[in-house]
Amino acid sequence: MPDHDQPAAWQPRMTDAEATAEARRIIADAYRPVPQIPTAFRDTTPLPTYGTTPPVPQPDRRIVPAWAAGTAVAGIGTGAAFVGVGCGIWLACQGFAAVTLTSVLFITLPIAAVAAVAAAIGSALRSLKTTHTETHHHYAGPVRQETNTISAPAYGLISRNRNELHR
């Protein structure tokens, strides 16, 4: 049977003097200034007018690769062309009583399928051609080269960008 005079988790109590000293210590720690550590440094020394040249940042502002944009434009152009051809055939066949929209679709759908397959094959060949790209950098002088990779995954209908720079 537990003793009802003592609390369940019994702890020794502080005296008033100890409690006052502990409170003053906590308040002093809370108001103690935090040492300032610099988080960035900018070198403001002037660059030499002649001699070795420091590297110059050359940011890449491309959003979509060229092959992807080309494939999209080719797909839109192919689709627009076949819609136009299909509408033209449909309008030409309007004069014939026996021709229906279903028969026009049966004529134009195989043509559109062949064009879609041709566009897909052309896109695949173009992307295979551009998978191996070589970049040559020519420097005259001492150079320090850094490569940073920024991954910004965006998945789903509503996405949140967390731009993380891994070093």
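Trainee: Where do Arg 25 and Glu 22 both lie, and how many residues apart are they?

Mentor: Both residues lie in helix 1, 3 residues apart, which is about one turn of the helix. Before we go on, please keep in mind that this is a predicted model, where local features need pLDDT of at least 70 and side-chain atom pairs count only at pLDDT 80 or more, while totals for chains, interfaces and linings use all residues. Residues are numbered from 1 along each chain as its sequence is written, and side-chain values use heavy atoms, with hydrogens and water left out.

Trainee: What makes a stretch of the chain a helix or a strand?

Mentor: Both are DSSP runs, numbered from the N terminus: a helix is H or I over at least four residues, and a strand is E over at least two. By that rule the chain has 3 helices and 2 strands. From the N terminus on, their order is α-α-α-β-β.

Trainee: Why is the pair Arg 25 and Glu 22 called a salt bridge?

Mentor: The term asks for a side-chain nitrogen of Lys or Arg within 4 Å of a carboxyl oxygen of Asp or Glu. In this pair the closest N and O atoms are 2.6 Å apart, so the pair meets the cut-off.

Trainee: Which other residue forms a salt bridge with Arg 25?

Mentor: Asp 29 does, with its closest N and O atoms 3.0 Å from those of Arg 25. That distance also falls within the limit, so the name applies here too. Arg 25 and Asp 29 both belong to helix 1 and sit 4 residues apart, again about one turn of the helix.

Trainee: How many salt bridges are there in the whole structure?

Mentor: A search finds 3. One of them joins the side chains of Arg 32 and Asp 29, at 2.8 Å from N to O.

Trainee: Which class does Thr 108 fall into?

Mentor: Thr 108 has a relative accessible area of 12%, so it is called buried. Its place is in helix 3, which covers residues 101-129. Ser 123 is in helix 3 too, and at 14% it is likewise buried. Overall, buried residues make up 4% of the 167 residues in the chain.

Trainee: Which residues does Thr 108 touch?

Mentor: Leaving out residues up to four places away in sequence, Thr 108 touches Gly 86 and Ile 89. Touching here is a contact, meaning heavy atoms within 4.5 Å. Among contacts in the chain between residues at least 6 apart in sequence, 33% join residues at least 24 apart.

Trainee: How far is Ser 123 from Ala 74?

Mentor: Their C-alpha atoms are separated by 8.9 Å, although the two residues are 49 residues apart along the chain. Ala 72 and Ala 119 make another such pair: they are 47 residues apart along the chain, with C-alpha atoms 10.0 Å from each other. Ala 72 belongs to helix 2, residues 66-93, and at 41% it counts as partly exposed.

Trainee: Where is the confidence of the chain lowest and where is it highest?

Mentor: Strand 2 (residues 164-166) is lowest, at a mean of 63, and helix 1 (residues 16-30) is highest, at 92. These are pLDDT values, the predictor's confidence in each residue from 0 to 100. The chain averages 77, and 78% of the residues score at least 70. Where pLDDT is low, the predicted coordinates should not be read in detail.

Technical notes
Buried < 20%, exposed > 50% of the residue type's maximum accessible area, 1.4 Å probe, protein only.
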